[in-house]
Amino acid sequence: MPSQSISQGIGRLSRPHSVIPILLRARHSRSFTCSPKQQKASDWSAVQYLKFEDERTRPVRDLLAQIPLQSPKHIVDLGCGPGNSTAVLAARYPHAHLEGIDSSPDMIKKAREVLPNIPFSIEDLNSYVPNQPVDLFFSNAVFQWLPYADRINVIARLIQTQPSGGVFALQVPDNFLEPSHSAMRDTATKGRWAATLDHFQPALDPFQSVQELYNHLKPLCSTINMWHTHYHHVLENHEAIVEWVKGTGLRPFIDPLSSGERGGFLEAYLERLKQIYPISYDGKVVLRYPRLFVVAVRA
Ligand SMILES: C[S@@+](CC[C@H](N)C(=O)[O-])C[C@H]1O[C@@H](n2cnc3c(N)ncnc32)[C@H](O)[C@@H]1O
């Protein structure tokens, strides 16, 4: 199935019926999303995020394909970002009442621009409470941004609000041990930025194992469907890997830095990537990107 851009999603909506040690230290210390100082300093950039819109939206469709609901009445896109995931949901379920929530003002602004018929609101998942029963909670590439201990509690709390047969579907990058991400952490420890980044502890926590997820969520659910997919994204060059992660996982590393430090960090990170990822015969670079999918059905 070809990728669908947000604008294609809008077109559809306008139809008549539209609508390990360092690892453990990171895990148990405060994380990027916990720090009000950092959150305030750096909103997301919808423009940077959407540079790889097709690649980032592909898992939305892969997750959606496994959702065992024909006609959910009420759907909430948790962490909807700039509306790319919401557009795919709107196309699949045109008769549902669909809404999107996200904590980023820039993302919500963009989502409202491209999908004006859908209600979007600025909400933090940690405090978000649905105002009516939700048949489908959908969340693409969001829960990794919550601190390790909070994620499972937020997911369980939201599942408990759902009617029997309701679905909670999520996808998260599972790339803590990928070279692209270990290179961020390595780069952070070497250079004139090391003291700053040591203070901020910018690495996102690794995601829960499928066993942990199963043990926590199965008591609330009739079925849990979990799987991994390894995407292999063919990118133009090593610089493109930097551009990709600048929209997501690299943000907590570079946002706290001065512009001079940031330039130095990015150069050093790029050099590391060049040592790790081989150049293909045609000059391109293959970025492996593992993602974890969970579809939980409320008991
Ligand atoms: C990688 S983007 C995903 C966007 C979109 N769902 C997609 O499929 O591409 C992650 C989004 O999660 C949002 N987010 C992160 N932490 C959040 C929180 N605590 N509450 C609500 N949204 C959050 C960010 O603002 C960002 O828009």
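Which helix does Arg 262 lie in? Select Arg 262 and you land in helix H14, residues 259-276. Before going on, note that residues are numbered from 1 along each chain as its sequence is written. You are looking at a predicted model, where local features need pLDDT of at least 70, side-chain atom pairs count only at pLDDT 80 or more, and totals for chains, interfaces and linings use all residues. Helices (DSSP runs of H or I, at least four residues) and strands (runs of E, at least two) are numbered from the N terminus.

**Stop one: Arg 262**

Arg 262 counts as partly exposed because it has 15 C-beta neighbours inside 10 Å. On that scale, 20 or more other C-beta atoms within 10 Å make a residue buried, 12 or fewer make it exposed, and partly exposed is in between, with C-beta atoms placed from the backbone.

Colour the strands and follow the open, mixed sheet in the order S3-S2-S1-S4-S5-S7-S6. Strands S3 (120-122) and S6 (221-235) are at the edges with a single partner strand each, so one side of each has no neighbour in the sheet. Pairing here takes at least two DSSP bridges between two strands.

Next, pick S4 (residues 136-140) and S5 (residues 167-173), which run parallel and are joined by 5 bridges. Phe 138 sits opposite Ala 169 in S5. Then bring up helix H11 (residues 210-217), which lies across S6 and strand S7 (285-298) and runs at about 150° to S6. That angle is taken between N-to-C directions, from 0 to 180 degrees, with axes fitted to C-alpha atoms, for helices over the stretch in contact.

**Stop three: the ligand**

Select the ligand and the 22 residues around it; Gly 79, Gly 81, Ser 85, Ser 104 and Asn 140 come nearest. A residue is near if its C-beta atom, placed from the backbone, is within 6 Å. Helices H5 (53-64) and H6 (84-92) each give the shell at least two residues.

End on H6, where 7 of the 9 residues are buried, among them Asn 84, Ser 85 and Leu 89.

Conventions. Contact = placed C-beta atoms within 7 Å.
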